[in-house]
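Dear colleague,

Please find below the structure that I am handing over to you, together with its sequence. I would be grateful if you would look through it alongside the notes that come after it.

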Amino acid sequence: MNDQKQILPEIEGRVTPDRDLSGLTWLRVGGPADWLVQPASLDDLCGFLAALDPFVPVFPMGVGSNLIVRDGGLRAAVIRLGRGFNGIEIDGTRVTAGAAALDSHVARRAADAGVDLTFLRTIPGAIGGAVRMNAGCYGTYVADRLVEVQAVTREGRVVTLSRDELNLAYRSSDLPEGWVLTQAVFEAPAGDPATLEATMAEQIARRDESQPSKERTAGSTFRNPAGYSSTGRADDTHDLKAWKLIDEAGMRGAQVGGAMMSEKHSNFLINTGGATAADLEGLGETVREKVFQTTGISLEWEVMRVGEPAPEADN
């Protein structure tokens, strides 16, 4: 809860103080943000950040698909982009997508236009997060298709960054803290729309067969120590895959409170109902400990964890 009650700059969009974030994350956990900021346009966002006290932390939040907000909430101005930032434009084989555009929508729109961004179809979340984490699937990553991004700095300036300037690597990028991605430009191979649609349908079927896609999850919980995601090919190796290490540690199906490592895919942390952020993160840390004891490998979180734990109750 925000005790200072600082007055934030006015915007065209909406600023909501002490906004509970649990309903905005796929895991449905977490406490309040000091402020939830929903700018109406690029100019609105720039003006807000330019006028915002430089000591107020800024946290850009997408659709909450890869995120645990701790139970005590987030001491920051949380920026959540909406309709003014979800446009998709296609020119030949170049696709420009707003940061709030869902990955699956971009993949489908591109396929309809004969452009192959099919790898985005099964990636949960929006384009901003996909770029930030260099998301990838079936052997293709954002880095393989990205040309450049538009972002707004913490001071409210609009900048353009090339793919190389982001230093994209496995599940990481070098975007400075507090900068807000607003748009991404992709260049992708041309393809037959019907063939691309069939490819995406196959990917969806494969995902649903192997992953708990109907549960409350945040996608893959831990990064693969191998340093790459599954390729989906017949020759794919499972050595140093997070799920295999979790299985070897006997943690498939492990539970803490309402949190559980999925029986269907053991690298998926799920909220079975009533889990707290502390349950989820605590189970994840127990899994990391067991895997380290078993294999000597320290799993790295892929799910982002932010905020503060719940305050301890007074005696």
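The notes below begin with the chain as a whole and then turn to individual residues.

Please bear in mind throughout that this is a predicted model.

Overall architecture

The chain contains 8 helices and 17 strands. Its radius of gyration is 20 Å, close to the 20 Å given by the globule rule for 315 residues, so the chain is as compact as a globular protein of that length. Along the principal axes, the C-alpha atoms fill a box of roughly 65 × 55 × 30 Å. Of the 315 residues, 50% are buried.

Surface and charge

The accessible surface of the chain amounts to about 14500 Å², and carbon and sulfur atoms account for 47% of that area. There are 31 positive and 44 negative side chains, and the centres of these two sets lie 3 Å apart.

The aromatic pair

A search of the whole structure returned 1 aromatic pair. The partners are Phe222 and Trp301, with ring centres 5.0 Å apart; their planes meet at 55°, a value between the limits of 30 and 60 degrees, so the pair counts as tilted. The two residues are 79 positions apart and link distant parts of the chain. Phe222 belongs to the loop between β13 (216-220) and α7 (242-248), whereas Trp301 belongs to the loop between α8 (277-295) and β17 (304-306). Both partners fall under the 20% cut-off and therefore count as buried: the relative accessible area is 1% for Phe222 and 8% for Trp301.

Positive phi angles

Asn134 has a phi near 45°, which is a positive value. Asn134 sits in the loop between α3 (127-132) and β8 (136-137), and its relative accessibility of 4% makes it buried. Tyr138, likewise not a glycine, has a positive phi of about 55°. Tyr138 is placed in the loop between β8 and β9 (140-141).

Gln150 lies in strand β10 (residues 146-152). Setting aside residues up to four places away in sequence, Gln150 touches Leu42, Val158, Val159, Val180, Leu181, Thr182 and Gln183. From Gln150 to Asn167 the separation is 17 residues in sequence and 15 Å in space, C-alpha to C-alpha.

Arg157 is located in the loop between β10 and β11 (158-162). With a relative accessibility of 47%, Arg157 is partly exposed. Apart from neighbours within four places in sequence, Arg157 is in contact with Ala151 and Val152. The C-alpha atoms of Arg157 and Trp179 are 9.5 Å apart, and 22 residues separate the two along the chain.

Helix α6

Glu197 is part of helix α6 (residues 193-210). Its relative accessibility is 39%, so Glu197 counts as partly exposed. Glu197 and Ile11 are 186 residues apart in sequence, and their C-alpha atoms are 40 Å apart in space.

With kind regards

Definitions and conventions:
Residues numbered from 1 in each chain as written. Predicted model: local features only at pLDDT ≥ 70, side-chain atom pairs only at ≥ 80, totals over all residues. Heavy atoms only, no water. Helix = DSSP H or I, 4+ residues; strand = E, 2+ residues; numbered from the N terminus. Rg over C-alpha atoms; globule rule 2.2 N^0.38 Å. Buried < 20%, exposed > 50% of the residue type's maximum accessible area, 1.4 Å probe, protein only. Areas by Shrake-Rupley, 256 points an atom, 1.4 Å probe, with all protein chains shown as cover. Lys, Arg positive; Asp, Glu negative; His and termini not counted. Charge placed at Lys NZ, Arg CZ, Asp CG, Glu CD. Phe/Tyr/Trp six-rings, centres within 6.5 Å; stacked < 30°, edge-to-face > 60°. Contact = heavy atoms within 4.5 Å.
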